[in-house]
Structures are given as C-alpha cells and as structure tokens.
Protein chains: 2
Amino acid sequence: MDAATAEARLLDAAETLFDERGVQAVGMDAIRSASGVSLKRLYQLFPSKDDLLEAVLRRRDETVRSGIERATAAHESPRERVLAVFDHLEEWFGRDTFRGCSFINAFGELGGVSQGVADIARANKRSLQDHFAELVAAAGTPPGPADRLAAQLAVLANGAMATAGITGSQDPARHARDAAKTLLDAADVRS
Amino acid sequence: MDAATAEARLLDAAETLFDERGVQAVGMDAIRSASGVSLKRLYQLFPSKDDLLEAVLRRRDETVRSGIERATAAHESPRERVLAVFDHLEEWFGRDTFRGCSFINAFGELGGVSQGVADIARANKRSLQDHFAELVAAAGTPPGPADRLAAQLAVLANGAMATAGITGSQDPARHARDAAKTLLDAADVRS
DNA sequence: ATCGACGGAGAACGATCGTTCTCTGCATGC
DNA sequence: GCATGCAGAGAACGATCGTTCTCCGTCGAT
C-alpha cells in the first residue's frame with residue numbers, strides 16, 4: 001500500500017470514528033484496526049493524534065465546501081441557490097451516520113483546549129457565511145443588507161445542524177429552509 | 001460543611017470546568033481542587049463522573065429554563081416575549097466565560113457514547129421549542145403554523161448559540177433576533 | 001544465496017484518569 | 001479522659017491511552 005492510500009484510509013477511518021464517538025473516546029488502536037494501517041505508518045504520516053484530527057477536519061472542510069458548491073451550482077437563480085444549501089443539509093441529515101456537524105462537535109469537545117481545532121471550526125463557519133454572502137450579493141442586494149442577510153442564513157444553517165444532530169431528525173433542515181424563504185422574501189430576493 | 005453546600009460547590013465547580021475545557025479534559029482532581037470538597041465526599045454524593053455530569057446538565061437545564069422564563073415574563077406581548085429570548089441570548093453570549101451551549105457541546109463530545117447525555121440534551125432542546133410554541137400560540141396563531149414558526153425560532157436560537165460559541169461573538173444573537181422579527185412579521189404576530 | 005533495509009504486529013512505556021483505600025486527626029458522647 | 005466513628009488528604013490501584021520500541025518476516029539488490 002502506498003502512502004497516499006494509507007493516508008486516505010486513515011483519514012476515512014478517523015473521520016468515521018470521530019463522528020461516531022467523539023475524538024477523545026477513539027483510541028489510536030481503533031483507528032489502526034479500522035483503517036488497516038499499522039501504527040508505525042500512522043505516526044509517520046501524522047506525528048500525533050492532534051495532527052490527525054486537524055487533517056481530518058481540514059479535509060472535511062474541503063468536502064463540505066465543495067458539496068455546498070456543487071449543490072448550489074446546480075441551480076440558476078441566487079434564491080434557488082440559497083435554498084439548495086438547505087436541501088443539501090436535509091439530504092445530509094438523512095444519512096444514517098449523521099450525528100451533527102463535525103466542527104460544532106469538535107469545537108464543543110476541544111475548542112476550549114485546542115487552538116488548532118477552534119481555528120479550523122471558525123474558518124469553516126466563516127466560509128459558510130461568506131458563501132451565503134456571495135449568493136445574496138449575486139441577487140443584487142447591496143453589501144450592508146447582504147451581509148446581514150447572509151449572517152442570518154448562516155445562523156439558520158448552523159441551527160439546523162445543531163438541532164438535527166441532537167434530535168436525529170431531518171426536520172430542522174426543512175424548518176430552516178422555510179425560514180430562509182421568508183427571509184429572502186423580506187429582503188426581496190425573488191430570483 | 002453540610003451536604004447541600006458541598007453538592008452546590010461541586011456542581012458549580014464542575015459546571016465551570018466542563019464549560020471551560022470540555023468534560024473529558026477535566027479530571028476529578030481538578031473538580032476536587034476547585035470545589036474544596038474531598039474526593040470521598042464527592043463520590044458519596046455522585047457515585048461516578050457520569051452521575052456528576054448528568055446532575056450538572058440537569059441543573060443547568062433548570063437554570064436555562066428559568067432564565068428564559070424570567071426574561072420573557074418581563075414583557076407583555078407574545079412578540080416582545082419571543083424577541084426577549086434573543087436579547088437574553090445576547091446578554092449570555094457577552095459573558096466572558098461563555099463558550100457555547102453546554103448541551104450542544106456535551107452532545108458533541110458524548111452524545112454518541114452516552115445515552116444519558118443525549119437524552120438530557122434532547123429534552124433541553126425540546127423544552128426550548130415548546131416554550132417558543134407557547135409564546136406563539138398566545139399570539140393567536142393556530143396550532144399548525146404556530147408549531148412550524150416555533151420550530152423555526154428554535155433553529156434560530158440554536159444556530160445563534162452554536163455560531164456564537166465558535167466565533168466568540170454576540171452578533172449571532174442580534175442576527176437571530178432580526179431574523180426572528182422577520183419571521184414574526186411574516187406570520188402576522190404583531191403584538 | 002546473502003545481506004540489508006523496510007514494514008507490520010503488537011508488546012512496552014510512561015502518563016493520566018476514575019475510583020478506592022489507608023492513614024491520620026478530630027469531634028462527639030459517655 | 002477515653003473510645004468511636006467520621007471526614008479529609010492524598011497515596012494507591014487498575015485501566016486506558018498516546019506514543020515508541022522490539023522483533024520478525026519479506027523483498028529487492030548484488
């Protein structure tokens with residue numbers, strides 16, 4: 001097995017286990033077993049558990065961004081693109097492995113003791129809000145109101161993630177989508 | 001020191017430390033030092049760390065509920081009461097010890113491995129939504145639309161908590177409040 | 001075929017943690 | 001004044017975890 005596939009297997013296994021049980025509840029041995037990559041190789045690629053976790057979060061950040069990018073690109077109008085983000089969330093919440101947003105969860109567990117984790121979570125949330133800002137700006141909304149609307153949409157999206165994680169239901173995505181529609185109407189983003 | 005004050009000191013110390021660093025990063029010795037209660041007494045009152053954590057969360061649940069209750073009771077109209085919840089959040093987010101919602105954080109860390117923690121978090125979030133539902137119903141909104149609006153408001157509140165925890169800013173409370181106002185207007189909850 | 005470098009399996013190590021136990025002192029009841 | 005039981009301080013214990021090390025087999029080069 002070459003280094004690239006070992007790394008991918010490690011990140012896959014670690015991501016799954018961290019999502020399932022949290023970070024500190026997962027031992028390096030469990031990651032080794034789940035990935036089939038030896039401990040020696042693991043520590044060559046990721047010198048510490050913190051490094052592995054941050055790599056997992058960074059890769060997940062990329063996955064999330066491109067997933068949202070793809071979901072919104074499938075629609076034409078800014079309004080439909082914004083709503084597509086919430087449809088994307090609903091589909092995500094429906095996966096049976098879903099147990100909340102990795103960044104919200106990792107921040108809750110480690111944000112107080114790991115600056116690295118806190119920084120990555122912050123960057124992820126900022127990128128979500130920035131993405132909403134771009135979509136809203138594309139509708140012709142002036143910068144000030146666009147930023148405010150984007151912040152509100154980001155709060156909705158994060159609320160859907162937190163609520164869906166805890167309740168284990170897809171409903172929060174639909175509720176957030178409905179609320180987003182109301183906000184878009186009020187801001188006169190109709191197309 | 002009698003049992004009641006020992007228990008209170010333990011819950012205070014544990015709550016502060018858990019909020020600050022997460023649950024698993026806090027040793028029982030740290031709780032002992034911070035509370036000034038001996039380990040022996042601690043284990044007499046709370047037979048395990050899990051018991052202590054659940055007691056902390058249950059007490060916090062009460063605190064949160066009564067805080068919201070008090071904040072809303074200070075206003076007359078249903079609309080003002082709903083908005084008062086978000087003002088309450090803003091004040092909370094401004095406290096320098098704020099590091100996110102204890103239930104969202106605890107669920108992220110332990111929801112996957114502790115049924116007890118998951119249940120308490122779920123109950124807390126349900127009670128928040130129920131409270132919104134009562135406020136909205138008091139405005140004369142019919143049950144169906146009232147429940148939908150309450151769910152949307154709950155998503156907003158949870159989103160504000162998650163976002164404020166990660167970004168360390170009070171802004172999400174204001175953005176959520178503005179969004180709530182728009183939703184109330186759209187639902188014709190004007191007084 | 002022999003040597004040597006490398007990778008895997010898992011034991012070992014040191015630290016930490018939850019929990020329990022021991023020892024000591026003290027206060028209270030006779 | 002003395003015995004008795006309780007509480008505190010912290011050592012001890014057993015388990016777990018992150019990390020490193022040892023041993024062994026394999027494979028490629030000469």
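In this predicted model, DNA strand C is surrounded by residues of chains A and B: A:Met1, A:Ser38, A:Leu39, A:Lys40 and A:Arg41, along with B:Gly27, B:Met28, B:Leu39, B:Lys40, B:Tyr43, B:Ser48 and B:Lys49. A residue counts as near a strand if its C-beta atom, placed from the backbone, lies within 6 Å of it. Helix 3 of chain A and helix 3 of chain B are the elements giving two or more residues to this surface; helices are DSSP runs of H or I with at least four residues, strands are runs of E with at least two, and both are numbered from the N terminus. By class, the surface near DNA strand C has 5 nonpolar, 3 polar and 4 charged residues, with Ala, Val, Leu, Ile, Met, Phe, Trp, Tyr, Cys and Pro taken as nonpolar, Asp, Glu, Lys and Arg as charged, and the others, Gly among them, as polar.

Over to DNA strand D: its surroundings include A:Tyr43, A:Lys49, B:Met1 and B:Arg41. Helix 3 (39–45) of chain A and helix 3 (39–45) of chain B each give two or more residues here.

As for the protein–protein side, 42 residues of chain B are in contact with 42 residues of chain A (C-beta atoms, placed from the backbone, within 7 Å). Helix 8 of chain B brings the largest share of its side, 14 residues.

Residues are numbered from 1 along each chain as its sequence is written, with chains lettered from A and ligands numbered from 1 in the order written. Local features need pLDDT of at least 70 and side-chain atom pairs pLDDT 80 or more, while totals for chains, interfaces and linings use all residues.

Key. Contact = placed C-beta atoms within 7 Å.
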